[in-house]
4 protein chains.
Amino acid sequence: MSGKWKVAVLGATGLVGQRFLQLLENHPWFEVSALAASEQSAGKLYRDAANWLLDTPLPERFADLPVRHARPEEVEADFAFSALDSAIAGPIELAFARAGLPVVSNASAHRMDADVPLLLADVNPEHVALLPEQRRLRGFSSGFLVTNPNCSTAGLVTALKPLDAAFGVEAVSVVTLQAASGAGHPGVASMDLLDNVIPFISGEEEKLESEPRKILGQLLDAAIEPAPFTVSAQVNRVPVLDGHLESVSVKLRGKATAADLAQALSEYVSEPQRAALPTAPPRPIVVRPESNRPQTRLDRLASGGMAVVVGRIRPCPILDFRFSLLSHNTIRGAAGAAILNAEWLVKSKFLLPGARSGAKG
Amino acid sequence: MSGKWKVAVLGATGLVGQRFLQLLENHPWFEVSALAASEQSAGKLYRDAANWLLDTPLPERFADLPVRHARPEEVEADFAFSALDSAIAGPIELAFARAGLPVVSNASAHRMDADVPLLLADVNPEHVALLPEQRRLRGFSSGFLVTNPNCSTAGLVTALKPLDAAFGVEAVSVVTLQAASGAGHPGVASMDLLDNVIPFISGEEEKLESEPRKILGQLLDAAIEPAPFTVSAQVNRVPVLDGHLESVSVKLRGKATAADLAQALSEYVSEPQRAALPTAPPRPIVVRPESNRPQTRLDRLASGGMAVVVGRIRPCPILDFRFSLLSHNTIRGAAGAAILNAEWLVKSKFLLPGARSGAKG
Amino acid sequence: MSGKWKVAVLGATGLVGQRFLQLLENHPWFEVSALAASEQSAGKLYRDAANWLLDTPLPERFADLPVRHARPEEVEADFAFSALDSAIAGPIELAFARAGLPVVSNASAHRMDADVPLLLADVNPEHVALLPEQRRLRGFSSGFLVTNPNCSTAGLVTALKPLDAAFGVEAVSVVTLQAASGAGHPGVASMDLLDNVIPFISGEEEKLESEPRKILGQLLDAAIEPAPFTVSAQVNRVPVLDGHLESVSVKLRGKATAADLAQALSEYVSEPQRAALPTAPPRPIVVRPESNRPQTRLDRLASGGMAVVVGRIRPCPILDFRFSLLSHNTIRGAAGAAILNAEWLVKSKFLLPGARSGAKG
Amino acid sequence: MSGKWKVAVLGATGLVGQRFLQLLENHPWFEVSALAASEQSAGKLYRDAANWLLDTPLPERFADLPVRHARPEEVEADFAFSALDSAIAGPIELAFARAGLPVVSNASAHRMDADVPLLLADVNPEHVALLPEQRRLRGFSSGFLVTNPNCSTAGLVTALKPLDAAFGVEAVSVVTLQAASGAGHPGVASMDLLDNVIPFISGEEEKLESEPRKILGQLLDAAIEPAPFTVSAQVNRVPVLDGHLESVSVKLRGKATAADLAQALSEYVSEPQRAALPTAPPRPIVVRPESNRPQTRLDRLASGGMAVVVGRIRPCPILDFRFSLLSHNTIRGAAGAAILNAEWLVKSKFLLPGARSGAKG
């Protein structure tokens with residue numbers, strides 16, 4: 001144990017916080033050293049503060065940890081994962097980074113800040129190169145901020161990456177069918193979701209239309225030039241627990257066949273795959289040949305919830321091609337993405353041992 | 001009672017057949033005189049043959065009617081509604097029409113036949129003018145065939161009608177979130193739909209891409225010239241009972257604002273509204289101003305399930321405008337549409353008293 | 001209109017409040033004259049204050065009514081229905097009664113008060129005779145309090161009434177499968193109810209074990225002697241929208257066959273049926289002969305949601321008989337029960353014209 | 001690999017068959033050597049014959065195995081698991097046993113045969129002692145039949161075992177809330193289960209009322225004397241995917257407190273725990289102290305789906321005690337139980353290496 005990184009989880013009691021703990025329970029590199037949450041939870045034992053919602057048991061090792069205030073002086077760790085509510089995450093994350101503690105965040109507060117990488121480690125790993133400029137601009141010493149995208153962006157942009165690389169993406173029309181867990185807990189009332197679809201999620205379409213352009217943007221002189229494509233997003237909440245399904249159409253700059261797309265998607269690998277990072281799926285994208293896949297319940301746990309499953313690739317009579325994709329919104333779309341980001345930050349040496357807590361062996 | 005039309009319901013035991021009976025129970029013009037179904041049901045009482053699935057009770061007056069074979073010689077009626085399974089509907093419907101009995105059908109078998117109106121009475125009422133040519137070509141005396149569109153087409157094409165009339169529709173991209181009842185009973189297994197979305201329904205995308213062009217086509221010399229727009233459809237089955245929600249983008253030929261679209265949609269009326277037909281909704285389209293409507297459970301019964309509810313009209317960065325629409329798949333999308341068609345056929349004098357059974361008073 | 005009773009609805013914005021408005025929209029005797037709710041809603045228009053959750057539209061006539069504070073001086077009415085949250089209902093209802101305004105309440109606050117009728121008008125109509133004593137004890141002039149039972153009690157006690165009358169009930173074991181709407185809105189989170197059952201509802205078992213004994217108790221000298229039977233209740237929340245299903249076993253004092261029970265249940269009628277009150281179902285209990293009924297979705301709207309549906313009556317190897325019953329929790333179990341109570345209070349002359357507002361014609 | 005037992009899975013394509021394959025994929029003792037199914041599947045590859053319904057992927061090693069006819073001469077194995085449909089399982093299982101192949105079956109066909117153990121290895125492990133008599137009576141050489149109980153019995157009888165041992169069970173009243181997967185695939189139609197509860201499952205109450213008495217019966221002279229208690233069962237199907245929740249009341253012969261019951265349940269272990277069999281849960285019963293547990297979604301995978309979770313132990317005013325229990329219907333209630341049975345048959349030396357196929361190393 002002594003050689004592991006000590007990590008804090010901020011916002012540990014919420015649904016994404018719980019996913020972090022589930023995924024970190026047996027992580028080979030990271031060991032949870034502190035749990036922090038909002039004022040109302042701080043001071044309790046985790047088992048009392050959290051309403052555990054996952055279908056695997058609350059790991060015993062976390063049950064009796066005290067929940068701390070989300071303040072840098074109360075948390076001992078080498079770096080922090082943030083699952084804080086976006087409404088309060090902004091200043092808290094900055095406080096941690098200023099205090100010298102790197103923050104690998106799932107919150108939206110700083111995603112679109114020009115100097116903050118909006119990172120999916122197997123999509124745009126090179127964007128970590130923003131960090132020296134971020135430190136310079138913000139006067140951070142050992143701290144920094146890295147974010148991962150919104151849960152519905154994560155699946156989409158993963159599929160767009162190899163298509164953009166191979167054929168050039170010009171326009172993307174996406175309609176989402178999103179799970180209840182995307183709203184956290186309590187989130188959507190059961191009276192509002194049983195036998196119902198809600199064609200609206202506040203702020204979601206804006207994120208889907210802006211985040212992919214930053215993620216697939218080009219890194220130029222320590223700044224990101226947004227990718228030159230247009231996204232049109234229409235979002236829906238459907239009565240499923242986990243897994244965001246998306247019906248996508250794309251217009252490409254180059255010529256391609258449906259088979260070309262399938263090949264580009266299924267063969268795609270990136271740095272985390274090449275480095276065999278612990279949380280990296282063998283392939284970021286699984287292409288299913290069946291006419292009725294991906295399905296939310298059957299495919300959301302592909303590669304432990306870290307793979308995006310694509311199916312039904314076929315021509316589109318208006319844009320060029322259409323397909324369906326599915327990704328797990330709290331794994332690839334949240335906690336899993338952040339953990340993979342942290343692994344990549346270790347591998348790319350932006351996370352350095354001993355920077356702060358000195359506790360690593 | 002003596003003045004009412006006697007109507008047969010073919011395929012009366014299925015889910016759409018049940019909707020026909022529910023909607024016809026107190027109809028002011030039509031009286032159910034015969035129920036017919038497949039071989040395995042024929043000979044039983046309706047209460048024993050049908051597994052009643054609606055949340056209003058099986059009307060007592062139908063419970064003890066015998067179920068007849070779906071053959072013209074066994075059915076006494078002025079005309080017939082058909083809710084037959086599309087796999088067997090084709091020849092049976094023809095047999096009834098040849099025997100002199102008009103058939104107002106929900107089945108897909110003859111929808112795309114060039115001489116058969118694909119009719120939504122408050123969308124393309126003028127297409128009934130195909131009928132004289134149909135009779136001439138097929139040698140029908142008093143019989144004829146009229147069909148209504150597929151359940152997912154019905155909502156879409158209703159919203160497209162006033163947009164096409166006012167601004168010219170050039171392209172339509174639609175993603176559907178369709179209800180379980182669209183597959184009939186038993187249809188989709190609960191193991192396949194609980195906590196799941198299935199991104200495929202056999203044949204559905206093809207119907208959505210072809211039927212609207214016929215319905216909004218121009219009647220020229222007793223033939224329909226398909227409307228010159230393109231439809232791209234992606235369909236999904238979601239775990240709701242009734243109501244098809246659709247996320248739509250449209251490209252228009254003319255200039256318009258979102259307010260122009262809202263006005264064109266909400267002010268639209270057609271012949272059935274002007275004639276105050278019994279099943280006609282006051283307005284075919286209800287436009288909701290809220291950001292989170294239409295919702296499947298809350299809006300599917302608007303105007304008794306005969307109105308299409310539209311919301312979230314807003315610009316689209318790829319095509320011109322986007323909106324969500326909802327329609328009840330077994331009312332406006334099936335039995336209700338057929339009944340309204342029959343009312344319009346009466347009003348437009350294609351259904352004439354005494355043509356066959358002589359039973360009208 | 002002038003001849004109708006003017007009624008206020010307290011707690012009008014909640015789920016039960018909405019049911020009151022839905023059921024009162026076209027009521028032949030009662031006209032909603034005022035809507036009142038909590039501080040946060042008061043002062044708004046109803047359409048803005050209420051998040052309308054029913055699948056019939058918000059009645060236009062209520063949409064633009066102002067929501068008033070739930071204080072007697074702000075409400076003009078002949079009497080009031082209360083759908084107030086039980087946590088705050090107690091003192092507010094007393095204030096109205098003291099101000100001379102009869103309160104017909106669905107809240108639990110005063111249900112078990114010795115001088116307050118716990119009334120289902122077609123189960124224990126004679127309990128209205130408590131009211132003179134209540135007025136004497138509490139010093140009410142024209143005001144009074146009448147309550148209806150908890151949603152899960154309502155169905156159970158209706159079925160117990162004819163069994164107790166005919167055979168004597170000695171013990172009742174009941175396990176409930178209750179709908180989401182029983183918790184109001186927002187109530188249970190969708191993350192907690194999709195693909196889940198929760199075997200607990202706070203306070204519910206206590207109500208089920210005590211309320212039936214008061215309702216079926218004997219009225220003696222202006223007090224209720226609780227019925228001498230024992231109830232054991234185990235409650236569960238299941239992922240359905242409306243309708244509480246209950247698996248019941250009963251031990252009887254007298255001899256009977258399953259057919260005797262079916263007859264006693266299906267033939268049962270009470271004062272509201274004899275008086276043909278507007279909201280009274282033709283029969284309080286519908287007995288279904290099929291082996292697989294009642295079913296929640298198919299039977300909850302029997303007789304407009306005012307009938308209790310019973311099925312599967314059969315011997316029990318431990319107690320005497322077992323059956324399943326279903327009742328609509330927000331109609332028979334809440335707003336509908338209160339409205340029927342009010343109708344009975346009119347019929348039995350406890351509600352008298354002109355008592356307060358003088359507005360009745 | 002060479003040292004593992006070769007096992008055939010009969011009925012491999014169905015839902016329980018799939019669970020067998022999921023649980024056997026990495027089994028330390030057993031290796032799947034043959035898949036067999038009905039006529040319509042035989043001859044295909046497994047990936048084409050099975051409609052894989054689990055949310056973990058179809059194991060690659062099984063995908064390309066051929067599906068064989070369920071006939072002993074076509075299957076090479078040391079013994080067979082049977083997930084055959086009960087309607088056809090009887091003679092097929094006998095044929096395998098007569099051919100010398102032990103059958104460890106989940107089917108109901110032979111469960112109540114007097115000479116066939118109805119076995120849950122951690123409930124009544126001593127019942128394997130019926131097997132010599134079974135072989136004598138039926139003339140089996142190396143073959144035999146062992147069955148496990150019905151899915152709803154499995155959870156109940158596990159909880160009854162330590163209560164019966166410690167206090168003596170006299171009567172049991174149980175109401176079930178059963179999952180869709182209990183009906184297999186396609187099983188219950190989604191139109192019948194969305195927003196619905198069905199208070200009936202054919203044959204289920206009979207099994208619940210008879211099987212526990214055999215399982216907890218006493219082994220006397222190579223026969224089972226049924227346990228002297230009475231079970232009353234009422235069953236319901238609820239819209240959840242997996243996990244049967246049961247509301248139970250028990251009457252005991254001896255005195256006890258709720259704490260005594262909790263202790264007896266939570267401390268219970270049996271032969272499989274003592275022998276640390278690979279599929280044995282650490283404790284057959286997990287007692288949860290929270291007021292709102294067990295919950296179907298949260299607890300069904302306790303100890304990999306092999307533990308029964310009990311909660312809400314409290315006195316009953318009619319019988320003696322009440323509690324809720326949950327068990328996974330296709331793991332502890334089907335495939336997992338059978339695999340544990342086979343492990344116990346190995347451990348207790350009823351399964352002997354080399355008996356038939358000679359293939360074990």
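1. Chain C superposes on chain B by a rotation of 180° with 0.0 Å of shift along the axis, at an RMSD of 0.0 Å. The two copies are thus related as by a two-fold rotation axis. In chain C, the C-alpha nearest that axis belongs to C:Asp195, 3.5 Å from it. Please keep in mind that this is a predicted model.

2. On the interface: 100% of the interface residues of chain C are also interface residues in chain B, so the copies meet through the same surface.

3. Next, a helix in chain B. Helix H4 of chain B covers residues 86-98, and at 1.5 Å a residue its 13 residues should span 18 Å; the end C-alpha atoms are 19 Å apart, which agrees. After H4(B) comes B:Gly100, with a positive phi near 100°.

4. Which residues of H4(B) are buried? They are B:Ala89, B:Ile92, B:Glu93, B:Phe96 and B:Ala97. The cover over these buried residues includes four strands of chain B: E1 (5-10), E4 (79-82), E5 (103-105) and E6 (145-147).

5. Over in chain C, have a look at helix H6 (residues 151-167) and helix H9 (residues 258-267), which pack at an angle of about 120° with their axes 9 Å apart. H6(C) and H9(C) are therefore oblique to each other, and their crossing is right-handed. On the H6(C) side, C:Ala159, C:Pro162, C:Leu163 and C:Ala166 make the contact, while H9(C) brings C:Leu261, C:Ala264 and C:Leu265.

Methods: Residues numbered from 1 in each chain as written. Chains lettered and ligands numbered in written order. Predicted model: local features only at pLDDT ≥ 70, side-chain atom pairs only at ≥ 80, totals over all residues. Least-squares fit on C-alpha atoms with pLDDT ≥ 70 in both. Contact = placed C-beta atoms within 7 Å. Helix = DSSP H or I, 4+ residues; strand = E, 2+ residues; numbered from the N terminus. Expected span 1.5 Å × (residues − 1). Buried ≥ 20, exposed ≤ 12 C-beta atoms within 10 Å, placed from the backbone. Axes fitted to C-alpha atoms, helices over the stretch in contact; angles between N-to-C directions. Parallel < 35°, antiparallel > 145°, perpendicular 65-115°, else oblique. Left-handed = near helix turned anticlockwise from the far one by under 90°.
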